[in-house]
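Good morning, everyone. Please take a look at the sequence and the structure before I start.

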Amino acid sequence: MKINEAIDLVVDAIRENITLDASQINTIEDDPQSFVILGGHENIDSLDLVSILADIEAKVFEQLNITIMLSSDKAMSHVNSPFRNIGSLSAFLIEEIENA
């Protein structure tokens, strides 16, 4: 999976699982990689994050027939959380797919 495909998959999961306000829509359309998932003004709560990750995992299985676990101990042990923004989550997604 290429980075643009991963970004699109993450953006789709976010749009399908949370309601975005006008500012968030502008950010996700103009510079999706910088869209803050956790820890910023566009903060998504933990239940939203779980829904987004489950949706991404399901889409990866449907598209690639690969089972991944984005909320693993590996993700939680990163010095910089892979859930910071769409860019970091997309990079982590690719890493997990490559290691599956």
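**Core and helix contacts**

Let's begin with one residue. Ile86 touches Ile7, Val10, Val11, Ile14, Ile28, Pro32, Gln33, Phe35 and Ile37, leaving out residues up to four places away in sequence. Contact here means heavy atoms within 4.5 Å.

A word on the source. This is a predicted model, where local features need pLDDT of at least 70 and side-chain atom pairs count only at pLDDT 80 or more, while totals for chains, interfaces and linings use all residues. Residues are numbered from 1 along each chain as its sequence is written, and side-chain values use heavy atoms, with hydrogens and water left out.

Now the core. The largest nonpolar core has 28 residues, and Ile14, Ile56, Ile86 and Leu93 touch the most other members. A nonpolar core is a set of buried Ala, Val, Leu, Ile, Met, Phe, Trp, Tyr and Cys residues joined through side-chain atoms within 4.5 Å. Buried means under 20% relative accessible area, exposed over 50%, and partly exposed in between (1.4 Å probe, protein chains only). Helix H1 (3–17), helix H3 (46–64) and helix H5 (86–99) each supply at least two residues of this core. H1 gives the most, with 7 residues. Helices are DSSP runs (H or I, at least four residues), numbered from the N terminus.

Next, how do H1 and H5 cross? Their axes come within 9 Å and cross at roughly 120 degrees. Axes are lines fitted to C-alpha atoms, for helices over the stretch in contact, and angles run from 0 to 180 degrees between N-to-C directions. The contact is made by Ile3, Ala6, Ile7, Leu9, Val10, Val11 and Ile14 of H1 and Ile86, Leu89, Ser90, Ala91, Leu93 and Ile94 of H5. By class, this contact of H1 with H5 has 12 nonpolar, 1 polar and no charged residues. Ala, Val, Leu, Ile, Met, Phe, Trp, Tyr, Cys and Pro count as nonpolar, Asp, Glu, Lys and Arg as charged, and the others, Gly among them, as polar.

H3 also meets H5. The axes of H3 and H5 come within 12 Å and cross at roughly 45 degrees. In this contact, Leu53, Ile56, Val60 and Leu64 in H3 meet Leu89, Leu93 and Ile97 in H5. Those residues divide into 7 nonpolar, no polar and no charged.

Last stop: Asn65. Asn65 lies in the loop between H3 and helix H4 (73–76). Asn65 is not a glycine, yet has a positive phi of about 55 degrees. Most residues other than glycine have a negative phi. Is Asn65 buried or exposed? Asn65 is exposed, with a relative accessible area of 58%.
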